[in-house]
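The explanation begins with the helix and then turns to the interface.

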Number of protein chains: 2
Amino acid sequence: MQGLSCSTSRIVGCRFSIYPMTDNFVEVILNALREVDTSKVWMETDDVTTCIRGRSEHVFDVAKAIFIHAAKTSVHVVFNGTFSVGCPGDSEGNSYMSMNDERLNEEASIKEKVEVATQIALYPLNNPDYLQIIAEQVEVAKEHGTFTKGVHYASRLDGDANDVFKTLEQSFVNVYKTHEHSHVAMTATISANSPSKKEAI
Amino acid sequence: MQGLSCSTSRIVGCRFSIYPMTDNFVEVILNALREVDTSKVWMETDDVTTCIRGRSEHVFDVAKAIFIHAAKTSVHVVFNGTFSVGCPGDSEGNSYMSMNDERLNEEASIKEKVEVATQIALYPLNNPDYLQIIAEQVEVAKEHGTFTKGVHYASRLDGDANDVFKTLEQSFVNVYKTHEHSHVAMTATISANSPSKKEAI
């Protein structure tokens, strides 16, 4: 149902939420946002999710930074989002494509050590080779040392949040750069500080 | 990356989490689970998500019931999940396909009135007509009276949780029944009791 309202260009987007499982969840989110420079992405928050759009590197930079700054509080925090590119439609936020490639939040993000458990799924649309494309990105995650195992409908990644986000970004970029007009979505559920016993991996 | 670990049959699955934004989130989830009969689905919970698999009607019945029983507490609760069908791979849980079609939780679910704001995205894979397929399901949501508008990368549905889940299920079933061997994913973010001001719709 999403097809009629997104972009034709190589602008990348992410629609996501941060879920801090605490009574003061609003404060955790607002404090995290205060620490993140979002000036290089188009950003809009509604009552369900936040959408950021811009150059791939800034979308991943901002998504990672908001999650890390919320998770460093030691509260159980989950990031749940879908990265997208190539969806036919509008061009809102295209002016952000002229930003340079310097990441504004990387320096602060890499200082934090947040252990995460992650499940991701890649959806290369309109592509008969999609299973092969997915399998290739499993190999990338293995090279990064973040791949743990496949589960139903997803792949599991474990490790430091900075390393896991690196795999997410690399896999996503690899897939959408494969074809000039590709339309790709990637879902990610990233959990930190869960009280649940870590699954045997 | 998910492609190598799911089912070839018409078994439907949902990998999801329930996020209650409260200090006692564990209790909210466990109390909701106690009220739901999950005996007609294969179910496995790890430290990131829960995966349920079985006949389409039971997967939607169980997902809806867990969310509704968590949300009726008036805590801000979000359901975030991906429904999938037709992913090539294993056959775990296929024995649940022999269950009859009587829904075990519908009676209790429809008694609850929970207002939700929802964003969904449909991903019909390996299909050059995917945008048309998505547009057709927007029409279904309009007929149900749950469709609010398109947003970047998603469609927004509003209304009672029972009505919104009906649209989710109908749209998903419509799409995967279009083609015998179709592979379809549908993401849904369903929010209840948010303190955020409801967006103008």
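In this predicted model, the buried residues of helix α4 of chain B are covered by elements that include β5, β6 (147-151), β7 (154-160) and α5 (161-176) of chain B. The residues of α4(B) that are buried are Y130(B), I133(B), I134(B), A135(B), Q137(B), V138(B), V140(B) and A141(B). In an α-helix there are 3.6 residues a turn, so residues three or four places apart point the same way.

After α4(B) comes G145(B), with a positive phi near 80°.

The discussion now passes to the interface. Here 70 residues of chain B are in contact with 69 residues of chain A. Between them the two chains bury about 5800 Å², of which 62% is on carbon and sulfur atoms. Two salt bridges are found across the interface of chain B and chain A. One of the salt bridges joins the side chains of D47(B) and R156(A), with an N to O distance of 2.8 Å.

On the side of chain B that touches chain A, strand β5 (residues 115-124) of chain B gives the most, with eight residues. By class, that side of chain B comprises 34 nonpolar, 25 polar and eleven charged residues. Strand β5 of chain B is also among the elements that cover the buried residues of α4(B).

Definitions and conventions
Residues numbered from 1 in each chain as written. Chains lettered and ligands numbered in written order. Heavy atoms only, no water. Contact = heavy atoms within 4.5 Å. Buried area = accessible area lost by both parts, 1.4 Å probe. Salt bridge = Lys/Arg side-chain N within 4 Å of Asp/Glu carboxyl O. Helix = DSSP H or I, 4+ residues; strand = E, 2+ residues; numbered from the N terminus. Nonpolar A, V, L, I, M, F, W, Y, C, P; charged D, E, K, R; others polar. Buried < 20%, exposed > 50% of the residue type's maximum accessible area, 1.4 Å probe, protein only.
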